[in-house]
Amino acid sequence: TETAFEKGIKHFGFFLLKITVTLALIILVANLYFKRPLFDSVLFSLALAVGMAPELLPAIMTFAMAAGAKRMAKKKVIVKKLSSIFNFGEVNVLCTDKTGTITEGKVTVHDITDVYGVTNEQFKLYAFLNASMQNGFNNPIDVAITALNIPAKDYQKTDELPYDFIRKRLSIAVKHQLDHFFITKGAFANVLKVCSYFEAGNAGRQPINEELRKEIENDFITFSRQGYRVLGLASKDIEDGNIIRKDEAEMTFLGFILLEDPIKKSTVESIRRLEELQVNIKIITGDNRYAAVHAAQKIGINEPVLLTGEELRTLYPEALVVKVKATDVFAEIEPQQKELIIKSLQKSHFVVAYVGDGINDVAAINAADIGISTSNAVDIAKDAADFVLLEKDLSVLADGIYEGRKSFVNSMKYIFITTGATFGNMFSIAGASLFLPFLPMLPKQILLTNLITDLPFLTIASDHADEDQLIRPGKWDLKMIRHFMIVFGLHSSVFDFITFYILYFYFGLSNSAFQTGWFVESSLSELMILFIIRTKKSFLNSRPGKLLLISATLSFCVTLYLPFSPFAGLLGLSVSDIQPVLVVLLILLVYTITADFLKIIFFRINDRIERQDSRHK
């Protein structure tokens with residue numbers, strides 16, 4: 001599927017193609033109407049079309065993406081799909097699970113207690129047997145329980161009911177001497193639901209009445225609010241070693257498995273960085289609502305808005321689109337609901353990144369604008385992802401988003417220059433050709449201008465980006481680009497026609513002398529506009545990249561040298577008097593000052609309009 005940036009580039013290409021073809025055809029017809037030579041007219045129109053075409057765009061996009069991928073690799077983010085780098089810069093919502101991203105991901109057993117909160121060694125053994133004997137997929141919870149390493153020589157596994165996302169339970173049938181029984185652990189509510197009895201201390205098995213059931217549920221809430229992940233543990237005697245799902249009924253509730261996974265020390269700082277980048281964090285987890293809210297509060301979300309999987313099922317799609325915008329924590333979420341949350345956020349006009357590492361995350365990774373996995377994820381999750389993190393840490397994501405925005409900003413600089421200065425210059429040449437008795441610039445001079453001014457553009461991927469352009473998500477806005485093209489194209493054309501007037505009417509230049517003056521003005525104005533448009537601030541207050549400065553200076557010197565060089569005659573350039581050159585340089589100075597001033601006003605007005613639009617949404 002196409003990324004948002006790829007769609008934007010395609011629309012921009014069609015937009016520019018329509019303008020270029022229309023302008024070239026009008027100029028061709030007009031020149032033929034004025035009985036200009038057919039070959040020269042066709043060649044001139046083609047040169048205009050080439051001059052308007054952003055032929056360096058693919059190369060600049062590739063350089064920007066490659067440079068971004070290299071910077072991301074240093075930040076421990078591996079880029080699988082280069083074009084997704086720009087989308088990374090547009091992200092304004094990051095959806096993440098809790099375990100391993102917000103927390104350390106190192107689950108340990110805090111305690112295993114009976115219904116009264118008393119540690120029970122027998123129940124620890126049962127939990128160990130269940131975890132160590134299961135043959136399902138490897139997971140942190142079973143690894144943590146198995147790490148208790150309790151001796152269990154006389155116990156043999158006879159059967160298994162694997163964990164699934166509907167039952168949310170794992171049952172292991174065990175034989176001990178002549179006894180057969182099975183042990184079940186899993187989500188607390190799903191285990192308690194199949195229990196009719198409880199066991200604690202030496203009292204043996206007793207029925208669970210409603211009062212005790214409520215007390216057990218309240219203990220679960222208390223443990224969860226303390227930050228523990230709480231599982232239920234149960235058992236049941238059987239006649240032989242085989243079990244089926246129907247056997248998971250009338251069981252004996254043994255107690256609570258309390259797991260802890262501390263919040264990473266870096267998480268709070270990472271959240272702060274993401275907030276500075278105007279990226280909202282939304283936690284999507286299968287954990288219970290109390291533990292999820294506790295984690296959210298720990299990382300600085302003071303009053304998290306909660307939506308559970310059960311509540312989500314009752315919402316109409318239209319209502320969910322509204323609800324997800326204000327929700328901070330999605331808890332008790334089933335795997336298929338993750339994709340639904342992602343798509344609802346996208347319908348709310350968010351650009352969504354999703355971090356996942358399991359099989360149940362694949363659909364959400366595919367649905368997200370940016371799918372992110374980790375180096376220790378299952379293969380299918382890594383295959384689906386656009387980026388793979390070498391460290392499952394939010395700080396790494398903040399670095400990736402920052403670098404994505406830098407690539408986006410640098411690439412957009414070329415877009416603005418192409419639509420502003422280049423369009424203005426080509427429009428001016430086209431207009432002048434209708435009124436002057438000679439071509440204002442030879443086709444080879446147009447192509448030479450293109451070649452000289454394109455050199456610095458190749459280094460724009462390594463340019464510095466202003467911090468104020470990186471603190472909010474980048475956005476492809478064709479409407480704004482059109483406005484920019486009109487404003488700066490007209491501004492450029494005004495100074496072009498001033499140059500035409502002075503060269504032709506004041507100095508009386510024509511043919512080669514006139515074309516030389518216009519060649520110098522056109523080339524240098526495009527080089528100057530590069531430094532003006534590369535920043536939203538005054539160009540004197542923003543430091544350009546070293547390579548950009550060197551290449552632009554080289555192009556500037558080459559432009560001034562060519563009219564006096566041995567190649568001048570071959571290129572149709574000539575200088576009879578230095579005075580027109582000095583006047584052209586003076587015009588360029590005024591052009592630079594006014595363009596810088598106009599740019600600041602344009603972006604201030606555009607930013608104000610964007611803020612108003614965002615408030616209305």
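Guide: A term to begin with: buried means under 20% relative accessible area, exposed over 50%, and partly exposed in between, with a 1.4 Å probe and protein chains only. By that cut-off, 55% of the 617 residues of the protein chain are buried. This is a predicted model, where local features need pLDDT of at least 70, side-chain atom pairs count only at pLDDT 80 or more, and totals for chains, interfaces and linings use all residues. Residues are numbered from 1 along each chain as its sequence is written, and side-chain values use heavy atoms, with hydrogens and water left out.

Visitor: How many helices and strands in the protein chain?

Guide: The protein chain has 22 helices and 16 strands, taken as DSSP runs (helices H or I, at least four residues; strands E, at least two) numbered from the N terminus. Its radius of gyration is 34 Å, well over the 25 Å from the globule rule for 617 residues, so the chain is more spread out than a compact globule. The radius is taken over C-alpha atoms, and the rule is 2.2 Å times the number of residues to the power 0.38.

Visitor: What box do the C-alpha atoms fill?

Guide: Roughly 115 × 45 × 40 Å, along the principal axes.

Visitor: Now the backbone. Which residue in the loop between S9 and S10 has a positive phi?

Guide: Glu 250, with phi near 55 degrees. The loop runs between strand S9 (229-237) and strand S10 (251-260).

Visitor: Is Glu 250 buried or partly exposed?

Guide: Partly exposed, at 47% relative accessible area.

Visitor: What about Asn 511?

Guide: Asn 511 has a positive phi of about 50 degrees, though not a glycine. Asn 511 lies in helix H19 (residues 511-533) and is partly exposed at 42% relative accessibility.
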